Amino acid sequence: MGVENQTNPRQLPPHVFVLFGATGDLAHRKLYPALFQLHRKGLLPDGVSILGTARTEFTHDAFRDEVHKALQSFVKEDISDNDWKGFAQRIYYIQGNVDNVEDFKKINQFVRELEQKRDHGGNRLFYLSMAPRFFAETALNLKASGLSDTKGWRRLIIEKPFGHDYESAAELNDQLGTAFEEDEIYRIDHYLGKEMVQNIEVIRFANSMFQPLWDNRSIQSIQITSSETVGVEERASYYEKSGALRDMVQNHMLQMVMMTAMEPPSRLHTEAIRDEKVKVLRSLRRYDVDEVKNHVIRGQYTAGQMNGKSVPGYLEEPGVAENSTTETFVAARLFIDNFRWAGVPFYIRTGKRMPVKSTEIVVQFRDMPKHLYFNQNGQLGPNLLVIRINPVEGMYMQMNVKRPGTENVVVPIAMEFSQSTDKSPEAYERLLHDAMIGDSTFFTRWDEVSLAWKFVDPIAQAFSEDKAPLHHYASGEWGPQASADLVREQGGIWWPVYGESTPSVETVLRGQEASTEVKF
């Protein structure tokens, strides 16, 4: 397949892709499948080589076997022998420790030998798939060893989290800045690689039916939900330090807020788009430590039922301190204090051990005057635009129509568009492609990161000082009662999210009825 598509106009430039942390879970589950798909689609020319490095000792062939096993486990389609053989020829491995500059020199020597065998153009892309505590040291050793000194372009991809507060993030950014320029640093947030997140721009700015309505005159509120059914599993050591606030809100949730609320960019250019996203964060109302309890709800799951099975509470999970106050759920009411969004609440919620796995954005439009249909049977509900990001990609609109028949009964219906996830590239595939061509539009810029931390830090402080109460919710529920109360304060409800199902008319009606009396 790679041979057939050698003239593909989207084909990537030649380079050496150096993967640090090549034996880790992220590499196996996401990166190797993404790289393989790029190869299979004919987007990787002969001049692209993949060099893995980690502490474990492997020969080139033994490492290729590891990659092959990962592909067999995590690639949806069958892997043909021809595709695998072509991909395997790109793969190499060098054992190395990130705290040993001599190992970096050894890697540099091997990369130079590769560049002599193949025409890589002197281009090098470094991916740090490792614990965050190694980010700065790795970048500094890249410079000290000469590995980042090349005649072509060089780029550095870093996984989240980028620091654990503003101070640590600024320190890390300064350290990276000694080895790489800002436009060479690609801070990856895989949510920005999801098809429907990137589609928010198109929905808003390419449709005249939405753009004139996208402001406080027409929109009542916006809700963003990202729910998980799993608990902390084996991540307790990480989660105890981060909690839902740092793990989800500081990056994923605020990124979706920015995409939903940003102004139209002057042009479809990377910096123009990122500039508008940053303006949202500059307008985001910050809460001081004593205000947090009025606008932010934190929760922690207890034992409960998931799919008919009993599951333990957070404090019973392996690796969790017996008196831990780490939050596994956060709901918040945000305000963007600019002309477009003045007075419109943005509600966000994210949590573990919730009923369904789903990420959805619900735009609730303002009600029509109800005097015409006030005394009619049925339900005159608000118009909703629901953007479904995960696990189903698509959107649906809820509007009011007359029920067929002789009675003048108004009911809501859902008009739905669903995109096949089988045909949609995975987030990492799309983001790797962008990084390889030098498109940083859907990567986070430093000023985005810094402003996000400045918003989150007072909330984290309020949590650590117990100035915001810790509520509890049973596993399998939609968070604590305080979350529902937060939305009700302004006459709203949390709209249901449906996970993998598609809402029918009956489902919409049941959901609307249930939402007026949410049970926790």
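Salt bridges and buried residues in a predicted model

Biologist: Is Arg-64 buried or exposed?
Modeller: Arg-64 sits in helix H2 (residues 60-74), as does Asp-61. Their side chains meet in a salt bridge of 2.9 Å, N to O. Buried means under 20% relative accessible area. Because the relative accessible area of Arg-64 is 18%, Arg-64 is buried.

Biologist: How many residues apart are Glu-228 and Lys-352?
Modeller: The side chains of Glu-228 and Lys-352 meet in a salt bridge (3.1 Å, N to O). The pair links distant parts of the chain, with Glu-228 in the loop between strand E7 (219-227) and helix H8 (236-261) and Lys-352 in the loop between strand E12 (345-351) and strand E13 (358-365). Both Glu-228 and Lys-352 are buried.

Biologist: How far apart in space are Ala-331 and Arg-298, C-alpha to C-alpha?
Modeller: Ala-331 is found in strand E11 (residues 329-335) and is buried, with a relative accessible area of 0%. Among the residues it touches are His-295, Val-296 and Ile-297. Ala-331 and Arg-298 are 33 residues apart in sequence, and their distance in space is 6.6 Å.

Biologist: Which residue with a positive phi follows H5?
Modeller: Helix H5 spans residues 135-144, and its buried residues include Phe-135 and Leu-142. What covers the buried residues of H5 includes helix H4 (101-117) and helix H6 (166-177). The residue after H5 has a phi near 85 degrees and is Gly-146.

Definitions and conventions: Residues numbered from 1 in each chain as written. Predicted model: local features only at pLDDT ≥ 70, side-chain atom pairs only at ≥ 80, totals over all residues. Heavy atoms only, no water. Buried < 20%, exposed > 50% of the residue type's maximum accessible area, 1.4 Å probe, protein only. Helix = DSSP H or I, 4+ residues; strand = E, 2+ residues; numbered from the N terminus. Contact = heavy atoms within 4.5 Å. Salt bridge = Lys/Arg side-chain N within 4 Å of Asp/Glu carboxyl O. Lists of a residue's contacts leave out its neighbours within four places in sequence.
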